Amino acid sequence: MTLTTTPATRVAQAFFCLLLCIPWGSSCPPSCQCTQRAGAKAVLCSSQHLEEIPKDIPRDVVFLKLDANSITRIPSNAFRHLSHLEEIDLSRNAIEKIDRAAFRGVAAGLRSLDLSGNRIRSIPKEALLALKARLRLANNPWHCECALQEVLWEARLDPDSVRDITCHTAPRQEYVGKPLLQVLDAGANFCGARQRSADAAVLVTMFGWFAMLVAYVVCYVRHNREGSRGHGDQLSSLPSAQAPADTSSTAL
């Protein structure tokens with residue numbers, strides 16, 4: 001028996017095949033190239049004049065290159081939907097601000113994060129210390145402060161670039177232009193001033209409470225003393241019981 005197919009049937013079959021072939025949820029951003037690297041998806045968006053992180057990055061991306069663009073900010077949850085992400089290259093952009101939750105959702109799996117060659121002066125330590133990735137932070141106009149010092153000691157910095165983290169500004173002029181690692185090796189401690197300020201604030205607070213306690217005790221004692229004095233005056237103004245007795249004995 002010969003089966004005949006109508007034009008409508010052939011169109012339906014072609015449409016069904018098209019649906020099966022489309023990689024839903026894996027479309028590539030218009031300005032990027034999606035390819036394979038070591039058997040994993042790589043999205044290459046280098047040198048595309050991007051001013052922000054693309055919204056339509058495929059969810060199964062493992063390697064993401066956004067270097068040499070004009071991105072100025074990494075907002076909260078910028079990569080949260082990219083659960084397979086292992087490497088991010090954001091070098092040579094114009095990044096100035098990184099939100100505290102910028103890398104939420106990818107902290108556990110991320111292995112490499114390149115932020116070198118941007119305009120970062122400071123960064124919330126919470127944004128980086130939760131990462132297990134190897135960080136590249138060189139060639140940024142860093143303001144050397146306690147948060148940066150804590151990142152240097154606690155984060156996994158790339159050893160080849162750590163000496164290129166230089167103090168562009170600092171609390172003391174003598175540190176400007178020097179590598180942060182060299183400044184710290186010389187004995188500087190940017191977190192010491194914060195600790196001293198905190199200690200001073202605690203002392204001022206304790207002194208204030210102590211002064212209030214002393215003032216309360218003084219007022220309490222003075223109030224009791226005045227009360228006792230008033231009570232004594234009242235007793236002395238009462239007629240003496242001895243006086244009538246003396247009068248009666250004199251009359252006899």
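Visitor: Where does glutamine 149 lie?

Guide: Glutamine 149 lies in helix H3, and the model in which we see it is a predicted one.

Visitor: Why does glutamine 149 count as buried?

Guide: The word buried is used for residues under 20% relative accessible area. Glutamine 149 has a relative accessibility of 7%, and therefore it counts as buried.

Visitor: Which residues does glutamine 149 touch, not counting those up to four places away in sequence?

Guide: With those residues not counted, glutamine 149 touches Leu184, Asn189, Phe190 and Cys191.

Visitor: Why is serine 122 called partly exposed?

Guide: Buried means under 20% and exposed means over 50%, with partly exposed in between. The relative accessible area of serine 122 is 38%, so this residue is partly exposed. Serine 122 is found in the loop between strand S7 (112–114) and H2, and, leaving aside its neighbours within four places in sequence, it is in contact with Trp142 and Glu145.

Visitor: What separates the C-alpha atoms of serine 122 and proline 141?

Guide: Along the chain these two residues are 19 residues apart, while the separation of their C-alpha atoms is 8.7 Å.

Visitor: What makes leucine 50 count as buried?

Guide: The cut-off for buried is again under 20%, and because leucine 50 has 12% relative accessibility, it counts as buried. Leucine 50 lies in the loop between S2 and S3, where, leaving aside its neighbours within four places in sequence, it is in contact with Ser31, Cys45, Leu66, Asn69, Ser70 and Ile71. The C-alpha atoms of leucine 50 and aspartate 67 are separated by 9.5 Å, the two residues being 17 residues apart along the chain.

Visitor: What makes S2 and S3 a pair of strands?

Guide: Two strands pair if at least two bridges are found between them. Strand S2 (residues 40–44) and S3 have 4 bridges and pair in the parallel sense; in one of these strands, S3, phenylalanine 63 is the bridge partner of alanine 42. S3 is also joined to strand S5 (residues 87–89) by 3 bridges, and these strands run parallel. Leucine 64 stands opposite isoleucine 88 in S5.

Visitor: Which residues have the most contacts inside the largest nonpolar core?

Guide: They are Ile74 and Phe79, in a core of 52 residues. S3, helix H2 (125–129), helix H3 (146–154) and helix H4 (180–185) each supply at least two residues of this core, and H4 gives the most to it, with 4 residues. In soluble globular proteins, nonpolar side chains tend to be buried together.

Visitor: Which residues does phenylalanine 79 touch, not counting those up to four places away in sequence?

Guide: Among them are Ile53, Leu64, Leu66, Ile74, Leu85 and Ile88, and the list also includes Ala102, Phe103 and Arg104.

Visitor: How many helices and strands does the chain have, and what part of its residues is buried?

Guide: The chain has 6 helices and 10 strands, and buried residues make up 33% of its 252 residues. The chain exposes about 16200 Å², of which carbon and sulfur atoms supply 57%. Among contacts between residues at least 6 apart in sequence, 45% join residues at least 24 apart.

Definitions and conventions
Residues are numbered from 1 along each chain as its sequence is written. This is a predicted model: local features need pLDDT of at least 70, side-chain atom pairs count only at pLDDT 80 or more; totals for chains, interfaces and linings use all residues. Side-chain values use heavy atoms; hydrogens and water are left out. A nonpolar core is a set of buried Ala, Val, Leu, Ile, Met, Phe, Trp, Tyr and Cys residues joined through side-chain atoms within 4.5 Å. Buried means under 20% relative accessible area, exposed over 50%, partly exposed in between (1.4 Å probe, protein chains only). Contact means heavy atoms within 4.5 Å. Accessible areas come from the Shrake-Rupley method with a 1.4 Å probe; for residues, only the protein chains shown count as cover.
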